[in-house]
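Hi,

Here's the structure I promised to pass on.

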Amino acid sequence: MKKYELVTVTGKGVIRTSGWGLHAEEAVKGGLDYVIRHEGKQQRIKAIKRKKIFFVRKGEYIMLKIVHLTKNYGEKRAVDNLSLHIRPGEIYGFIGHNGAGKTTTIKACCGILQYDSGEIYVDGVSLKQNPLACKAKLAYIPDNPDLYEFMTGIQFLNFGADIFGVSASDRRARIRRLADTFELTDDLAQPVSAYSHGMKQKLAIISALLHDPKLIIMDEPFVGLDPKASHLLKELMREICDNGGAIFFSTHVLEVAEKLCDKVAIIKGGRLIKSGTMDEVKGDTSLENVFLELEGER
Amino acid sequence: MTKALFKKQMMEVFSWVYQNKKSGKNRSASGIAGYVLLYVLIFGFIGTVFYFVADMLCEPLVSVGLGWLYFAIMGLLSLFFGVFGSVFNTYASLYNAKDNDLLLAMPISSGKILLIRLSGVYAMGLMYELIVIIPTLIAWFLTAKTGAAGVICTLLIPLVLSVLVLVLSAVLGWGVALISGKLKRKNIMVVFLSLIFIAAYYYFYAHAYSILQSILINPQAVGSRVRNILYPLYHMGLAAEGNVLSMLFFVSIVGLSFGIVYLVLSRSFLKIATANCGSVKVQYKEQRAVVRSVEQALFQKELRRFLGSANYMLNCGLGIIIMPISAGVLLWKQAVVREVLFGAFAGNEGVIFLIAAGAVCLLSSMNDITAPSVSLEGKTLWLAQVLPVSGKQVLMAKLKLHLVLTLIPAAVLAAVVEWVLRPVFEFGVLIPVVAALFILFMASFGLFINLNTPNLSWTSEIVPIKQSMGVMISLFGGWAMVVALAGAYAALRKVISPLIYLIGVVILLLAASAVMLRWLRTKGARIFETL
């Protein structure tokens, strides 16, 4: 399959631009069930003739595609030939014991960590070939948010908004909404150095969401959050995915993963040992039971 | 328990000896020996300087029966040196120690925690004090003849005197803690106070010889004043001469001072140590956001980083203050400067302008803002790497900060230099051009060094700012370069005119800067992205 910069539409409606796809002619030859962005018939025909519009099969649109990812730390193989796909609208949980390779995989997906082999695509764009385009589409929230302590909260948010080119009106509205949601508004004039761990986590979440990312990657996002903020974050995650976003996050809290995730992947010793929809993975039992069985604890 | 806590505190204070701060690993035995030897040499060198002072004072004062004055003066000097060395760490050691929460959660009284912390400050003060007091003792024992009581008292004096160092440091640290809780612009205040401290130090350093001379010319009058103003030190001096009662008096005064300070500090210790100092709550009011470009946002971030750290400003941006001050001094003393220079180089005025260009370059090299800037990303490096900005953009923002903060004061200095020296047109153009290119090269060079020797795992920002290889190379590299260029002219002066030489330097700096910039934008940017 060829890669193109393209326009896309998915099951529930129109979503964004750019992604994996097939050239029109190839799509027609393949007899695929595809959708195009421009709905007018004349427009579509013109676009096909000019080969300026590309297609994507329903349900085939992938927001994050990890292909045979391998990462070594010296002799130690941290991630071993790992592949998985995350589609728009999905909350994808990533679980494994400490040192299983979750953070390494997540950092590789964000472009923070170089990998030895394999490929990662964000919204169809190769992370290796065009890291900045990928980073512009995603947001990362680390487990331990080390933020710029020499800035105040609002300065940090404005810095992130400037980097992502968020307009003044958009940023004002989003900061107001998100800071109010996480009850951080009163503290925005405080230096980040005065923030607690939970407040830093909230600030990192708000900053990550300011540019309306297509893909959010989170490493243990609930660590340090109070129960209310934790609940709000879960609601927000669902809302983002209902609007066509995709979320990939690691967690040790299996109850949260079971309730929140559409899909889940279990990693052990750097290898993906099970993945699929929540029902496929856990079957009639609980996610905890499945995890412990796979880990050889039961 | 007290023993275990004391051991922990000493391990913390002297961890720089046995632990590599960069890797966090313990040094090998030979590594420790090498490190200790290095510091012995450094302290030995400083101690030698103090020995000359001690030697200069000791014999004349002892011979007129004012041995106590010698000890009082040198004691005062060691007191200042001890306080100067330990005061900057006192506030952090007492109130901002990383294990405060851990210890407070244990069944240990806050008074005992304070006492243990004070023992660390005492050890640090003693270490600095010994640099002065050991040469003092050597000169004393070589000159004065004291009995057994005198010898015992003299050997005990350093231990007691360092309690006085501790008392003064602790009071200053306590004052800083009280003030810092109420200040909004703490960093600026710290920089301001530090600059006053440094200025006072240099003033004393510059006038040390005349002060010593005045003591030697009129020791009786000085002795009388010291006795009236610094009565405990007068008794300390008498104790060194063998007066046991004076020793007891001195110990009592120091003990009483310590007791009072300990009582005062222990009453507020828990409150200060558990308060989030420095956080004067500012109410957030929504304001219209200023939208910046990516480049502007990155520059703003670097500027905030610089202004947000007193350590960074003081250690890497001293040129920002020194250059305008130098310009002011030059304006003030312009007649003398002109007379000396034009008198010394009559008939070869071109050399004066070479010296002028070299001086501007030398002073500008006191700014090494880029040298620790990559390391300073530390644990926040992930932000620069996860945001959609290239390594090149980040590095150029760091470079720009260095250039803006150095070129402006350098331009002021160069303008004053030209006003005072009135060079011919060619030199008038070349002096600022050389200075600008030198600054550009040094800024790039600082980044180059830091990209090749980054330290991202520091726990205290002092490590990358003050103790890193990159900063050392960058700072001394700048001076070495100016010296090398001066040396090159000295070697070539018979075959080349100052003007041609300066043009050659411009070409050299231009080429070197171009190479460095190209490296930064390509390989350097890739290195940053994969750190």
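Chain B comes to 22 helices and 0 strands, where helices (H or I, at least four residues) and strands (E, at least two) are DSSP runs, numbered from the N terminus. Bear in mind that this is a predicted model, in which local features need pLDDT of at least 70 and side-chain atom pairs count only at pLDDT 80 or more, while totals for chains, interfaces and linings use all residues. Residues are numbered from 1 along each chain as its sequence is written, and chains are lettered from A and ligands numbered from 1 in the order in which they are written.

Staying with chain B: its C-alpha trace spans about 75 × 65 × 50 Å along the principal axes. Of its 531 residues, 39% count as buried (20 or more other C-beta atoms within 10 Å of a residue's own; exposed is 12 or fewer, partly exposed is in between, and C-beta atoms are placed from the backbone). Take the contacts in chain B between residues at least 6 apart in sequence: 86% of them join residues at least 24 apart. Contact here is C-beta atoms, placed from the backbone, within 7 Å.

Two helix pairs in chain B are worth a look, and helix 18 is in both.

In the first, helix 12 (residues 294-307) of chain B and helix 18 (residues 391-421) of chain B have axes that come within 9 Å and cross at roughly 55 degrees. (Axes are lines fitted to C-alpha atoms, for helices over the stretch in contact, and angles run from 0 to 180 degrees between N-to-C directions.) That makes helix 12 of chain B oblique to helix 18 of chain B; under 35 degrees counts as roughly parallel, over 145 as roughly antiparallel, 65 to 115 as roughly perpendicular and the rest as oblique. The crossing of these two is right-handed, a crossing being right-handed if the near helix is turned clockwise from the far one by less than a right angle and left-handed if anticlockwise. On the helix 12 side the contact includes B:V294, B:L298 and B:F306, and on the helix 18 side B:V394, B:A397 and B:L401 are among the residues they meet. By class, this contact has 8 nonpolar, 1 polar and 4 charged residues (Ala, Val, Leu, Ile, Met, Phe, Trp, Tyr, Cys and Pro are nonpolar, Asp, Glu, Lys and Arg charged, and the others, Gly among them, polar).

In the second pair, helix 16 (residues 350-364) of chain B packs on helix 18 of chain B at an angle of about 155 degrees, with the axes 10 Å apart. That makes helix 16 of chain B roughly antiparallel to helix 18 of chain B. This crossing is right-handed too. Its contact divides into 10 nonpolar, 2 polar and no charged residues; among them are B:F353 and B:V360 from helix 16 of chain B, and B:L413 and B:V417 from helix 18 of chain B.

Now for chain A. It has 11 helices and 15 strands, and 48% of its 298 residues count as buried.

One open sheet in chain A has 4 strands in the order 7-6-9-10, with antiparallel pairing (two strands pair if DSSP finds at least two bridges between them). Strand 7 (76-86) and strand 10 (125-126) of chain A stand at the edges with a single partner strand each, so one side of each has no neighbour in the sheet. Strand 9 (residues 117-122) of chain A is joined to strand 10 of chain A by 2 bridges, and A:V122 stands opposite A:V125 there. Helix 3 of chain A packs on this sheet, touching strand 6 (64-73), strand 7 and strand 9 of chain A. As 9 of the 9 residues of helix 3 (residues 102-110) of chain A are buried, it is largely enclosed by the rest of the structure. Just after helix 3 of chain A, A:G111 takes a positive phi of about 85 degrees.

Elsewhere in chain A, strand 14 (residues 263-268) and strand 15 (residues 271-277) pair in the antiparallel sense over 6 bridges. In their hairpin, with 2 residues between the strands, A:G269 takes a positive phi near 55 degrees.

Finally, the contact between the chains takes 33 residues from chain A and 28 residues from chain B. Helix 5 (153-164) of chain A is one of the helices that supply at least two residues of the chain A side, and its 7 residues are the largest share of that side.

Cheers

How values were computed:
Contact = placed C-beta atoms within 7 Å.
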